[in-house]
Amino acid sequence: MGRMQNHQLDSKVKNRVSSKIKRTNLIEHQCQNALFPRIFGHEVGGVVESVGEGVTELQPGDHVLPVFTGECKECAHCKSKESNMCDLLRINTDRGVMINDQKSRFSINGKPLFHFVGTSPFSEYTIVHVGCLAKINPLAPLDKVCILSCGISTSIKRNHIIL
């Protein structure tokens, strides 16, 4: 079992949003090529703390749900009416770094801590690509709606495929 430690966060990056985590849940997940040390977590709700260069659709104070399969809005899949499996931001449990520069935004004592599915919410703050954030109504209780960021969407997709 790991122990809680303070870590550093690098948030000055293009298309990135820093969010304060307000709610997250436990997950059991097996990565094929596990990278460690790593900040895990899922089913998360947060509040935007700051935005990086190029981010125009979110601002500090916005309530957001990080999602694992984002939308870049540029690739063929994002522009298609038949698919939402973004070429850039589709779920990748083994990546462990940010897409644009292949670097982690977390470190401890100068050594990298790897990301988990682009969200890493078992942290007080996290850095997420803007395409992996869904803005929500600020009146929605984060402790209730956080399940929408993973549990509901994956269950609906799974049930839809079965039907």
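Reader: Leaving aside neighbours within four places in sequence, which residues is D62 in contact with?
Author: Happy to start there, keeping in mind that this is a predicted model. D62 sits in the loop between β3 (42-51) and β4 (63-66). With sequence neighbours up to four places away set aside, its contacts are G46, V47, V48, E57 and K135.

Reader: Is D62 buried or exposed?
Author: Buried means under 20% relative accessible area. The value for D62 is 9%, so D62 counts as buried.

Reader: Which residue has its backbone nitrogen 2.9 Å from a polar atom of the D62 side chain?
Author: A polar contact needs N or O atoms within 3.5 Å. The distance here is 2.9 Å, and the backbone nitrogen belongs to Q59.

Reader: How many residues does the largest nonpolar core have?
Author: Good one to look at in the structure. Those with the most contacts inside this core are V17, L58, C72, C86, L89 and L133. One of them, C86, also touches G70, E71, C72, C75, H77 and C78, not counting residues up to four places away in sequence. The largest core has 15 residues.

Reader: How many disulfides are there?
Author: A disulfide needs two cysteine sulfur atoms within 2.5 Å. The cysteine sulfur nearest to that of C72 is in C86, 3.6 Å away, and C72 is in no disulfide. For C75, the closest cysteine sulfur is that of C78 at 3.7 Å, which is too far for a bond. The count is 0 disulfides.

Reader: What is the relative accessible area of C75?
Author: The cut-off for buried is under 20%. C75 is buried because its relative accessible area is 11%.

Terms used
Residues numbered from 1 in each chain as written. Predicted model: local features only at pLDDT ≥ 70, side-chain atom pairs only at ≥ 80, totals over all residues. Heavy atoms only, no water. Helix = DSSP H or I, 4+ residues; strand = E, 2+ residues; numbered from the N terminus. Buried < 20%, exposed > 50% of the residue type's maximum accessible area, 1.4 Å probe, protein only. Polar contact = N/O pair within 3.5 Å; in protein donor to acceptor, adjacent residues only side chain to side chain. Contact = heavy atoms within 4.5 Å. Core = buried A, V, L, I, M, F, W, Y, C linked by side-chain atoms within 4.5 Å.
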